Amino acid sequence: MGPLLPNGIIPPEWNYIIAILIGIAFGYIMEATGFSSSRKLAGVFYGYDFAVLKVFFTSAVVAVIGLYYLDYLNFLDISQLYVQPTYLWAAVIGGMIMGVGFLAGGFCPGTSLCAVAIGKIDGMVFTVGLMIGILIFSESFSVLEPFFESSNLGHITLVDTLGISPYWIIFIMTILAIAAFAISDKIRNKVKKVFY
Amino acid sequence: MKKKKQKNRHVYWNPYFGGFLLGLLIILTFYLTGRGLGASGALKSGVVTMVHTVAPTHAENNAYYSKFLKEGEFPMNNWLVFEAIGVILGAFLSGALTGRLNLKVQHSPKITSRRRLIFALIGGVLFGLGAQIARGCTSGAALSGMAVLATAGFITMIAIFGTGYLVAYFFRKNWI
Amino acid sequence: MSKRYKSKKILVKRRYQILAVILLILAGGLVLLPKYTKSEGISPELFVKNALSSERFINTDLLADRIINNDPSVLLIDTRSEKEFKEFALTNAINIPLKNLLDEDYIDYIDQDVYDVIFYSNDNFYANQAWMIGNRMGFKNLHVLKGGLNEWFNTIINPKYPEETMPKEAFELYSTRKAAGMYFGIGTIDPTMKTGTKKETISKPAAPKKVITKPKKKKRVPEGGC
């Protein structure tokens, strides 16, 4: 029963090999769907290209439905999967800073690595910027620490937060995603095309 | 923008198809390793390694670096670092197969390369900072988090995209 | 827009609609599927694996060694009845009769992952049952003293003097055991002198109860995320 590595079904020596293989698939998919192009990524905010929204929500919905089916069929124990802790205000403020960074830089860390791989100089500069950002955070950690560690809600999921069955959450998520796809297509037809 | 009829040079996958494959990959990742994908974690390991090489005592005294420095363990020996190497290889493969490999700065025709690079640097710094504060970036926190219905994933996703739409107006010249 | 282009566009639209419906059916399926509660505790496969693991039993020599060295991680649990416990018990052991194993007062002793819990009874029997129950509940670091107290007497308290023909190791083991027995307060009996050790003569050492403050259980191990 999965997850396989933590339960020792696959020996730990495979850990890094699996990491590289998963990374290759991840990079290939991102590049092939156009995530190495910052103008395509930024399109979601101006309505000329909704690839980010479509890829993002399709994958999230497919993944969550698949994981819950695997859990239902007993191939996987969903309670063993890693859920990152929710630090409410850190997540909100960090997300907002990332939002501004996204618009200014046009990448996120994963996509910038793809851009680096195919020779985009802006991607390389962005990646250097990322490292500087991490450096700034680490150096000022003593100042940021109280905020960083505050409002810890633990490893919670929407099931805990909303108090409804995960299956209903998934169903609602799916409807919202499909609605978002339909609306995004409507918007795109109205917005002036941008070629890049 | 040029008015003449013009097609996008890049032919990318259908986003739904890409999203579907990415979703399957996330399932596979969780099934194999019990955790999701990530990207900024690898860069963090890189920074920790660099600082530790340049100024070891400084790194050990810093409360944040020292979290990732364990006795007798190389900070680059990390799942996410190997995954990031894979990402670069995979993206290179895709770019090579479709002929998208070339060294250039991609930018809107309305701005100069210089301006694009300056903004890319600023964006990178902000993104790096934000990803550390929120404990994850778009792939690690938002995407993988949403796949397991983690509250943090949804909050981060809404914060990133919500803020993006709020500030989009100010950056429009860079993109449209 | 040409007519052909338009009809193609409608076709594509139709395809997306079908895909959307499939996705909705899949998501709806999760809501509608009959629910069942998964059995609690560890899976049968893992249970078998644990049962066959060499970690399950700890032998008396190793235990004696750990007690003598004041290994703080050892937590001895006596699964026999209270009466038997009062007659004799190992140093620092805690008495949890098998029938009280899952009582609220005692559960914290076995449901933790700080100490190496070692069950013992007169032989393997009660200890093994306690081990199985605990393991089924998914508790960690549970062990059984192999052979129980009988083995303890035969090996530590009153070790058998090896035969002349036995290898050197047997004599070494004997002297270690004798020294250990001495530590437990009964080693003065020389087996070359014919004496039947009487269990009743053993005085129970004053056993201060270990106080365990249960550490907060972490549901998931935090790792660096993205």
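Me: Angles under 35 degrees count as roughly parallel, over 145 as roughly antiparallel, 65 to 115 as roughly perpendicular and the rest as oblique. How are α5(A) and α5(B) oriented to each other?

Reply: This is a predicted model, where local features need pLDDT of at least 70, side-chain atom pairs count only at pLDDT 80 or more, and totals for chains, interfaces and linings use all residues. Residues are numbered from 1 along each chain as its sequence is written, while chains are lettered from A and ligands numbered from 1 in the order in which they are written. Two packed helices are described by the angle and the distance between their axes. Here the axes (lines fitted to C-alpha atoms over the stretch in contact, with angles from 0 to 180 degrees between N-to-C directions) of α5(A), residues 109–117, and α5(B), residues 79–98, come within 8 Å and cross at roughly 50°. The two helices (DSSP runs of H or I, at least four residues) are therefore oblique.

Me: Which residues of α5(A) make the contact?

Reply: A:Gly110, A:Leu113, A:Cys114, A:Val116 and A:Ala117 (contact: C-beta atoms, placed from the backbone, within 7 Å); those of α5(B) include B:Ala84 and B:Phe92.

Me: How many residues does each chain give to the contact between the chains?

Reply: Chain A gives 112 residues and chain B 109.

Me: Is α3(A) mostly covered or mostly open?

Reply: Mostly covered: 18 of its 22 residues are buried (20 or more other C-beta atoms, placed from the backbone, within 10 Å of a residue's own). After α3(A) comes A:Asn74, with a positive phi near 70°.

How values were computed. A residue is buried if 20 or more other C-beta atoms lie within 10 Å of its own, exposed if 12 or fewer, and partly exposed in between; C-beta atoms are placed from the backbone. Two residues are in contact if their C-beta atoms, placed from the backbone, lie within 7 Å.
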